[in-house]
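Please find below my notes on the model, as numbered points. They are meant to be read alongside the sequence and the coordinates.

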Amino acid sequence: MQKDGLLKDPNHYQIKLTARSLMIDGKEQPPKVFQKYLKLYESNTGRPLTGNNAMVITRSSDSSTIINGAGPTPPRTPRMAPMPPLPALPAPPRLDTDELRSELRKDGIIGADEKNLQFQLNSSGLTVNGKKQPGELAAKYRKLTGHNDGKSFNMMISTQ
């Protein structure tokens with residue numbers, strides 16, 4: 001308002017904004033000025049001036065009084081910290097136990113009707129039902145289980 005030249009004395013003034021008019025020091029302002037400041041008020045408060053509601057600002061050199069007769073201010077929405085991202089889901093198994101048993105049977109490591117299985121595979125070797133298996137079989141099963149990338153791992157499967 002000061003930049004628009006509407007305040008004659010920046011230390012002494014009274015502003016009254018209603019839904020129908022803008023008064024500065026008792027002088028009604030032109031419709032274009034009224035509309036500008038009504039829109040500014042509504043965009044800053046987030047609510048319209050309606051009915052007999054008014055916003056009044058009075059300033060006299062060392063004190064200011066602001067009366068907002070537009071009703072109670074609605075409570076602000078509490079700010080919440082953003083949710084941290086969810087952890088990544090574990091990768092699905094590349095080989096289920098039925099497929100594993102089938103491969104172990106093909107390689108003659110377990111019998112055709114054998115159901116119990118203790119399988120341990122890691123970067124140093126393969127052990128099935130307590131028996132250490134040759135290195136080439138360990139390499140085959142590392143590839144089947146997706147652990148042929150040279151990284152350290154330990155896979156244990158026990159079924160009955």
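1. The crossing of α2 and α3 is right-handed. In this predicted model, the two helix axes come within 12 Å and cross at roughly 155°. An angle over 145 degrees counts as roughly antiparallel, so α2 is roughly antiparallel to α3. The contact between the helices involves L100, E103 and L104 on the α2 side, and K140, Y141 and L144 on the α3 side.

2. Next, the sheet beside these helices. Four strands make up an open sheet, ordered β8-β7-β6-β9, with antiparallel pairing. β8 (131-132) and β9 (154-159) are the edge strands; each has a single partner strand, so one side of each is left without a neighbour in the sheet. Helix α2 (residues 97-106) packs on this sheet and touches β6, β7 and β9. The direction of α2 makes about 90° with that of β6. Helix α3 (residues 135-145) also lies across β6, β7 and β9, and runs at about 90° to β6.

3. Within the sheet, the β6/β7 pair can be described in detail. Strand β6 covers residues 117-122 and strand β7 residues 125-128; the two run antiparallel and are joined by four bridges. F119 has V128 as its bridge partner in β7.

4. Where does R142 sit, and is this residue buried or exposed? R142 is found in helix α3. Its relative accessible area is 16%, which is under the 20% cut-off, so R142 counts as buried. Beyond its neighbours within four places in sequence, R142 is in contact with L121, N122, S123, S124, G125, H147, N148 and F153. As for L121, 21 residues separate it from R142 in sequence, while the C-alpha to C-alpha distance is 7.4 Å. The side chain of R142 deserves a look in the viewer, given the list of contacts above.

5. Turning to the nonpolar cores, the largest has 14 residues. I15, L17, L22 and I24 have the most contacts inside this core. β1 (12-18), β2 (22-24), α1 (31-45) and β4 (54-60) each supply at least two of its residues. Helix α1 gives the largest share, four residues.

6. Which residues is I24 in contact with, leaving aside its neighbours within four places in sequence? They are M1, L6, L7, Q14, I15 and Q29.

7. Phi of D25 is near 50°, a positive value in a residue other than glycine. D25 lies in the loop between β2 and β3 (27-28), and is partly exposed, with a relative accessible area of 40%. Phi of N129 is likewise near 50°, again positive in a residue that is not glycine. N129 belongs to the loop between β7 and β8. With a relative accessible area of 30%, N129 is partly exposed.

Technical notes:
Residues are numbered from 1 along each chain as its sequence is written. This is a predicted model: local features need pLDDT of at least 70, side-chain atom pairs count only at pLDDT 80 or more; totals for chains, interfaces and linings use all residues. Side-chain values use heavy atoms; hydrogens and water are left out. Two strands pair if DSSP finds at least two bridges between them. Contact means heavy atoms within 4.5 Å. Axes are lines fitted to C-alpha atoms, for helices over the stretch in contact, and angles run from 0 to 180 degrees between N-to-C directions. A nonpolar core is a set of buried Ala, Val, Leu, Ile, Met, Phe, Trp, Tyr and Cys residues joined through side-chain atoms within 4.5 Å. Buried means under 20% relative accessible area, exposed over 50%, partly exposed in between (1.4 Å probe, protein chains only). Angles under 35 degrees count as roughly parallel, over 145 as roughly antiparallel, 65 to 115 as roughly perpendicular and the rest as oblique. A crossing is left-handed if the near helix is turned anticlockwise from the far one by less than a right angle, and right-handed if clockwise.
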